[in-house]
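I began with charged pairs and then turned to a pair of packed helices.

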Amino acid sequence: FFFKQKTAYEIYQCDWSSDVCSSDLWVDSIGLEKTFFGRVVQLLEEKFFVRRAALIFLYCVLLSYTIFFQIDIPYNFNVGDVARYDITSPMGFEMTDEVTTEEKRLKAEYAVPVVYDFDTNVFERVSQGLIHSFRNMRTFHREINWAKSGVAYRKQVKEFFNFKKDFENELGVTVSDFMFEWLVDNKFSPRIEAVLIRNLENWYEKKIAEAPDRFIPANQTSVVARIVHKNNLGKEFSIDRTEVLDLQDPENFNLDDRKDLERFSESDKANILYFARSLLVPNLTLNKQETATRRQASRDAVIPVTITIKKNQTIIAQGSVIQPFQMAVIKQIENIRGDKRKDVMSLSMALMLSVTILVFFSYLKRFTLNRVKIDFKDLAVMMLIAYGAIFFTKIYLFVTDAAFLSKLGHIFPPSFFLYAAP
């Protein structure tokens with residue numbers, strides 16, 4: 001249809017490989033051939049047909065980009081929206097279910113018990129400080145010739161406050177002025193000291209932590225305690241959550257009802273109880289670093305949940321509420337589309353097509369001995385027809401794609417897709 005025989009005169013006058021006859025070259029009309037650059041171009045044109053090859057390459061680039069170009073319709077949805085139509089996947093792929101994976105990781109993370117450091121020497125340190133401080137204060141107290149009258153006695157008591165700082169340093173806690181004055185009035189009695197030590201010993205047989213409910217998740221029934229005593233460093237054991245007493249709850253610590261307390265008045269009992277509670281320090285200390293390390297290890301041990309999405313698989317049904325997992329699938333589809341780099345493939349295909357066409361015309365020229373003429377207009381028509389076929393094929397595939405049907409299919413009448421097979 002596009003080829004015709006050439007006469008000997010036509011062969012002599014115009015070669016098949018030039019776009020137009022040499023007498024009509026646009027280069028001749030502007031005198032470019034007289035310059036050095038023009039002569040180089042003319043030489044290349046005569047030997048390698050550069051213009052024809054460049055034209056063919058540009059056409060092949062356009063054709064390749066058309067082949068690889070894909071029309072995408074964005075999904076304008078948010079979590080909680082109601083789907084107005086079925087949403088199907090335009091491609092098949094595998095993805096990590098981040099929502100389910102994160103749920104499993106959180107579950108594994110919070111299943112790890114909270115780790116506490118258990119100090120078995122707390123009572124020993126507190127009791128030693130109590131004994132030394134009371135002993136020293138009694139020594140200072142005996143060195144003073146206390147007055148009998150009230151005014152002079154109160155003046156001496158105020159002067160005795162000079163020892164309060166030493167008393168607090170040895171005791172390890174801050175003592176209120178009222179409590180220190182009460183102890184001075186009672187001469188730092190060994191009976192008060194004995195009652196304090198006995199009750200502290202009973203309390204420290206329990207596990208005491210500061211605000212455990214803030215750090216122990218509600219779903220955990222036990223915690224892990226690590227002994228930090230130098231002889232038992234690293235030994236671990238489990239403690240029931242109900243056995244951990246809150247240091248900030250005073251109801252957990254009351255005086256034992258023994259005969260020794262009968263000698264004290266109710267106000268003295270209250271003061272002893274208040275002072276004993278002020279001496280309490282936790283024997284369980286939250287080890288945040290160890291807890292975080294174990295939770296991270298448990299989290300990392302969870303294998304990601306992988307799901308397979310098939311092409312044309314329904315992701316969201318019409319009328320259903322969009323869930324976070326479904327939104328994650330849509331985001332993955334958009335990411336896959338965005339990550340596809342078609343530039344290198346398009347250029348590679350354009351180069352391959354160009355070489356194929358040039359080789360074909362070279363073979364045609366040699367095979368026919370220059371008797372077949374291909375005019376520029378004939379070549380242009382062939383290129384236009386080939387590009388049109390590719391273009392309309394892409395449009396047809398896009399219109400009949402399931403993703404397009406699920407999005408915009410309700411706009412067109414049913415007869416529009418009568419012969420279309422998605």
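**Entry 1: salt bridges**

I counted the salt bridges first, and the structure holds 13 of them. I kept in mind that the model is predicted.

I then looked up arginine 226 and aspartate 117, whose side chains meet in a salt bridge with N and O 3.6 Å apart. That falls inside the cut-off, which is 4 Å. Arginine 226 belongs to strand β6 (residues 222–227) and aspartate 117 to strand β4 (residues 115–118), so this pair ties together parts 109 residues apart in sequence.

Is aspartate 117 buried or exposed? I found a relative accessible area of 17% for aspartate 117, so it is buried. The limit for buried is under 20%. Arginine 226 has 21% relative accessibility and therefore counts as partly exposed.

Next I looked at glutamate 168 and lysine 164, which form a salt bridge with an N to O distance of 2.5 Å. I noted that both residues lie in helix α8, 4 residues apart, or about one turn of the helix. Glutamate 168 and lysine 164 are both buried.

**Entry 2: a helix and a strand**

What does arginine 294 form a salt bridge with? I found glutamate 236 as the partner, with the closest N and O atoms 2.4 Å apart. Arginine 294 sits in helix α13 (residues 288–300) and glutamate 236 in strand β7 (residues 236–240), so the pair ties together parts that are 58 residues apart in sequence.

Arginine 294 is partly exposed at 23%, and glutamate 236 is partly exposed at 37%.

I also wrote down a network of salt bridges that links Glu102, Glu109 and Arg299.

**Entry 3: two packed helices**

I went back to helix α8 (residues 164–171) and looked up how helix α6 (residues 122–142) packs with it. Two packed helices are described by the angle between their axes and the distance between the axes. For α6 and α8 I noted an angle of about 160° and axes 8 Å apart.

The crossing of α6 past α8 is right-handed.

Which residues in α8 does α6 meet? I listed Phe167, Glu170 and Leu171. On the α6 side I listed Gly129, Leu130, His132, Ser133, Phe134, Asn136 and Met137. I sorted the residues of this contact into 5 nonpolar, 4 polar and 1 charged.

Methods:
Residues numbered from 1 in each chain as written. Predicted model: local features only at pLDDT ≥ 70, side-chain atom pairs only at ≥ 80, totals over all residues. Heavy atoms only, no water. Axes fitted to C-alpha atoms, helices over the stretch in contact; angles between N-to-C directions. Left-handed = near helix turned anticlockwise from the far one by under 90°. Contact = heavy atoms within 4.5 Å. Nonpolar A, V, L, I, M, F, W, Y, C, P; charged D, E, K, R; others polar. Buried < 20%, exposed > 50% of the residue type's maximum accessible area, 1.4 Å probe, protein only.
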